[in-house]
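Have the viewer open as you read.

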Amino acid sequence: MTASIDRPGAVPPSPSESAVIAEAVRSSSLTSAVPARSYHVTGTVLAASDQTWAWVELVPVVDDVDRAEAVLHRGEGGWELVQLGSYEVGCGLVPDSVATDLDLECPDDTPRYDA
C-alpha cells in the first residue's frame, strides 16, 4: 500500500520495491511485538539524493497501536528498518541531504550523521 506523502526531495519507489520495503518493516525485530495485521505500511518514498534510504508511515488499523514513522536503509543484505517511532525519526542517523529530502523533523541541535 502506497500513499502520496508530500516530501520535497523524495521519489516514489517502484511497486515491487515498495512491497520489499513493507516486508522489511513487517519482518524487522523493531516491529516484532506488533502483529503485522495491526498496521498498514504507507507513504513509502526514497530520498532523491541517496535512494538507499527510505521513509514509511505505519498507520494503525486497530485501536491499541499508535501511528509511527520509520526510516530504512538498503545495504548489501537488502532493506533494513533502522529506526521506528513518532518523534525525531532518522535524526542523526541519515545524511543531512537525506534528512532534507525526506523532510525529517529534526531539531537544529541534533548531532550530524557520521558515516
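What follows covers the sheet, the helix packed on it, the nonpolar cores and the disulfide. Keep in mind that this is a predicted model.

**The sheet**

Let's start with the strands. Five of them make an open sheet in the order β1-β2-β3-β4-β5, with antiparallel pairing. The edges belong to β1 (10-11) and β5, each with a single partner strand, so one side of each has no neighbour in the sheet. Strands of a sheet pair through backbone hydrogen bonds, either parallel or antiparallel.

| Strand pair | Sense | Bridges |
|---|---|---|
| β1 and β2 | antiparallel | two |
| β3 and β4 | antiparallel | six |
| β4 and β5 | antiparallel | seven |

To find your way around, pick out a few partners. A10 has A47 in β2 as its bridge partner, W53 sits opposite H73 in β4, and E69 is bridged to G85 in β5. Going from β4 to β5, the chain makes a hairpin through two residues.

**The helix against the sheet**

Now for α1, residues 15-26. Its 12 residues, at 1.5 Å a residue, should span 16 Å, and the end C-alpha atoms are 17 Å apart, which agrees. Which residues of α1 are buried? They are S18, I21, A22, A24 and V25. Looking down the axis of α1, these buried residues fall within an arc of 155°, so they line one face of the helix.

**The cores**

The largest nonpolar core has 15 residues, and I21, V25, V56, L58, L72 and W79 have the most contacts inside it. Each of α1, β2, β3, β4 and β5 supplies at least two residues of this core, with α1 giving the most, four residues. Another core, of 12 residues, lies apart from it and has A10, W53, V94 and L102 among its members.

Is L72 buried or exposed? With a relative accessible area of 0%, L72 is buried, since anything under 20% counts as such. Leaving out residues up to four places away in sequence, L72 touches I21, A24 and V25, along with T52, W53, A54, V56, W79, E80, L81 and V82.

L58 is another of the core residues with the most contacts. Beyond its neighbours within four places in sequence, L58 contacts residues including V25, Y39, A68, A70 and L84.

**The disulfide**

The structure holds one disulfide, joining C91 to C106 with an S to S distance of 2.0 Å. The link of C91 and C106 is left-handed, with -95° about the S-S bond. C91 lies in the loop between β5 and α2 (96-101) and C106 in the segment after α2, so the pair ties together parts that are 15 residues apart in sequence. As for the two ends, C91 is buried, at a relative accessible area of 12%, whereas C106 is partly exposed, at 29%.

Definitions and conventions:
Residues are numbered from 1 along each chain as its sequence is written. This is a predicted model: local features need pLDDT of at least 70, side-chain atom pairs count only at pLDDT 80 or more; totals for chains, interfaces and linings use all residues. Side-chain values use heavy atoms; hydrogens and water are left out. Buried means under 20% relative accessible area, exposed over 50%, partly exposed in between (1.4 Å probe, protein chains only). Contact means heavy atoms within 4.5 Å. The expected span of a helix is 1.5 Å times one less than its number of residues. The arc is that of the directions from the helix axis to the C-beta atoms. A disulfide is a pair of cysteine sulfur atoms within 2.5 Å. A nonpolar core is a set of buried Ala, Val, Leu, Ile, Met, Phe, Trp, Tyr and Cys residues joined through side-chain atoms within 4.5 Å. Two strands pair if DSSP finds at least two bridges between them.
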